[in-house]
Amino acid sequence: MSLDIYVPRDERFGHLKMSDFLLNGLKAIVQIVKPELEALCSEDGNEFDSFDDALKLYDGGVKLPRGPTLDNLWKDIPLDIINLIFHTDGERILKYPLPEVIKESRTAWRTDEEFAREMLAGLNPVVISILQEFPPRSKLDAKVYGNQDSSISEEHLRHQLNGLTVAEAIKTNKLFILDHHDTIMPYLRRINDNTTSKAYATRTILYLQNDDTLKPLAIELSLPHPDGDQFGAINKVYTPPPADQIIWQLAKAYVAVNDSGYHELISHFLHTHAVIEPFVIATNRQLSVVHPIFKLLHPHFRDTMNINALGRQVLINGGGLMEFTLYPAKYCMEFSSSLYKHWNFTEQALPQDLKKRGMAVPDPVSKHGLRLLIKDYPYAVDGLDIWSAIRNWVANYTSLYYKTDDAIRSDVELQTWWKELVEVGHADKRDEPWWPKMRNRDELIESCTTVIWIASALHAATNFGQYTYAGYMPNRPTISRRFMPEEGTLEFEEMRENPDRVFLRTITARLQTLLGISLIELLSTHSSDEFYLGQRDTAGWTAELEAEAAFERFGKALTEVEERIVERNGEENLRNRYGAVKIPYTLLFPTSEVGRTGKGIPNSITI
């Protein structure tokens with residue numbers, strides 16, 4: 001019934017797309033049946049007892065037993081689909097594919113190098129920023145939340161800075177921060193009191209080494225003051241071994257839980273799926289199908305309304321999969337909605353985003369007019385190439401129809417489109433001063449480039465690597481169920497005796513793990529009727545020869561980007577491009593084959 005939803009006829013999935021979606025959806029559902037039954041039948045069945053236990057999900061097939069639950073399920077699924085799911089003739093064998101993050105090594109994910117590298121080349125490379133003040137200060141209202149400033153001191157960092165002081169390291173752009181404190185703290189008391197999660201707000205300080213890799217120096221875990229929010233935060237700071245290896249691994253896990261939640265609810269859902277839908281609606285309502293801007297943008301809206309409608313039914317709904325598998329639980333959508341208040345359309349342009357986070361500075365002699373402060377920042381390096389190709393295409397195309405700024409201002413359809421988008425589509429943000437006024441060609445080019453970037457490359461970068469990195473839940477846990485063990489407690493002694501067991505019982509439980517990785521395997525998969533950046537689904541999309549020629553140049557530019565990505569991934573000195581886990585960075589490689597490939601930039605948000 002969740003698929004029986006209304007979207008306009010021309011926004012519905014095509015036959016092949018819907019078939020693939022249903023097939024993969026059924027696969028994701030069926031894959032959790034046997035492990036869930038095992039959990040129900042075992043005395044301690046909702047826990048992984050060891051990392052070897054967790055790896056059994058991928059090593060060898062699992063034969064499903066017969067029972068009323070499965071028999072009822074089988075009655076509803078055609079035999080040919082069962083055979084396609086299991087690649088066998090009804091034997092009911094299922095197996096999760098081995099995630100790439102543990103293919104080359106079963107332990108490399110635990111290294112500090114990989115923990116830091118994924119902030120630049122993993123699922124969520126859009127949060128890390130330059131450290132501009134020390135200690136880090138909170139922007140939360142002190143009248144409501146008290147003192148939320150960081151307790152990380154120079155003493156915590158001094159011995160790890162290669163002889164520099166903190167001030168010198170900041171001045172030379174050596175210190176960076178992954179800051180999940182202010183976004184999470186307003187919800188943390190409710191999350192910890194009213195759900196099964198036991199989470200922290202976190203800050204992670206990192207040092208840029210001479211080889212352009214990052215080294216984590218300190219992690220701060222923060223909780224609301226037990227006497228009330230107005231009394232500020234209770235902070236505890238942890239540093240890398242030789243301090244305490246077990247504690248340090250747990251501290252990194254709490255950071256990963258924060259980052260996983262932010263990635264799924266903000267970077268992925270809010271900043272791509274949600275913010276693009278008003279553009280889809282306004283474009284269809286206000287621009288005729290022969291309007292040049294309709295022709296430019298329409299391919300980047302394909303399937304988006306349909307996939308968003310499905311998401312509202314089964315993923316982000318109350319009691320849905322997001323609430324069940326992410327640590328904010330029933331506060332997921334409230335958390336996401338609250339951060340929409342800070343959304344700024346213009347800052348989603350990649351160059352503006354990088355400058356805002358301090359990861360790049362204007363430099364007229366550098367490529368793309370920006371100098372990256374971390375040269376080996378795969379998401380930014382490849383992203384700027386893609387951004388530049390999109391912008392050149394948009395500029396060349398729009399110049400065919402808008403020779404002057406007056407042509408922009410006098411286009412009634414265009415002006416009505418933009419007015420509806422700002423005042424109705426994003427009505428909560430209608431009075432923001434940052435909105436482009438759509439009065440000149442530069443504003444049109446920048447706005448259309450940003451829309452295409454969000455719908456294509458940004459979504460691809462935050463979506464199609466999900467199974468690659470988070471398919472092995474210990475690397476990207478989504479829930480923490482215990483607080484850090486305190487010395488002198490039974491939990492602390494248990495941690496000393498069996499650290500792996502405590503680690504696994506702190507992070508995501510078995511059932512949520514199975515549901516979570518079933519979901520992200522689906523989300524990481526390209527369908528058979530996908531169209532990628534630089535491709536069109538209809539040959540006769542324009543009668544203008546000059547427009548066709550400009551589009552061909554765009555396709556050639558993207559092919560050159562692909563060649564450069566392959567070349568970069570072959571350079572061993574660029575360590576952030578493959579890391580200790582030996583995964584080349586391909587999330588912004590424009591084209592892909594069908595299936596789960598860890599690459600490919602679809603034209604639009606189709607999954």
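A residue is counted as buried when its relative accessible area is under 20%, and in this predicted model Ser338, at 14% relative accessibility, therefore falls in the buried class. Ser338 belongs to helix α15, which spans residues 332–340, and a polar atom of the Ser338 side chain lies 2.7 Å from the backbone oxygen of Phe335.

The cysteines Cys332 and Cys448 are likewise buried, Cys332 with a relative accessible area of 1% and Cys448 at 1% relative accessibility. The structure holds 0 disulfides.

Several backbone features were also identified. Most peptide bonds are trans, and most residues other than glycine have a negative phi. Against this background, the peptide bond from Phe134 to Pro135 is cis, with omega near -5°, and Pro135 is located in the loop between β3 (129–130) and α7 (142–145). A cis peptide bond also joins Pro241 and Pro242, where omega is about 15°; Pro242 is placed in the loop that runs between β7 (233–238) and α11 (245–286).

Positive phi values were found at Asn173 and at Met438, neither of which is a glycine. For Asn173, phi is about 60°, and this residue lies in the loop between α9 (166–171) and β4 (175–180), where Asn173 is partly exposed with a relative accessible area of 28%. For Met438, phi is about 55°, and the residue is found in the loop between α19 (412–425) and α20 (441–463). Met438 has 0% relative accessibility and is therefore counted as buried, whereas Asn173 is partly exposed.

Key: Residues numbered from 1 in each chain as written. Predicted model: local features only at pLDDT ≥ 70, side-chain atom pairs only at ≥ 80, totals over all residues. Heavy atoms only, no water. Helix = DSSP H or I, 4+ residues; strand = E, 2+ residues; numbered from the N terminus. Buried < 20%, exposed > 50% of the residue type's maximum accessible area, 1.4 Å probe, protein only. Polar contact = N/O pair within 3.5 Å; in protein donor to acceptor, adjacent residues only side chain to side chain. Disulfide = S-S within 2.5 Å.
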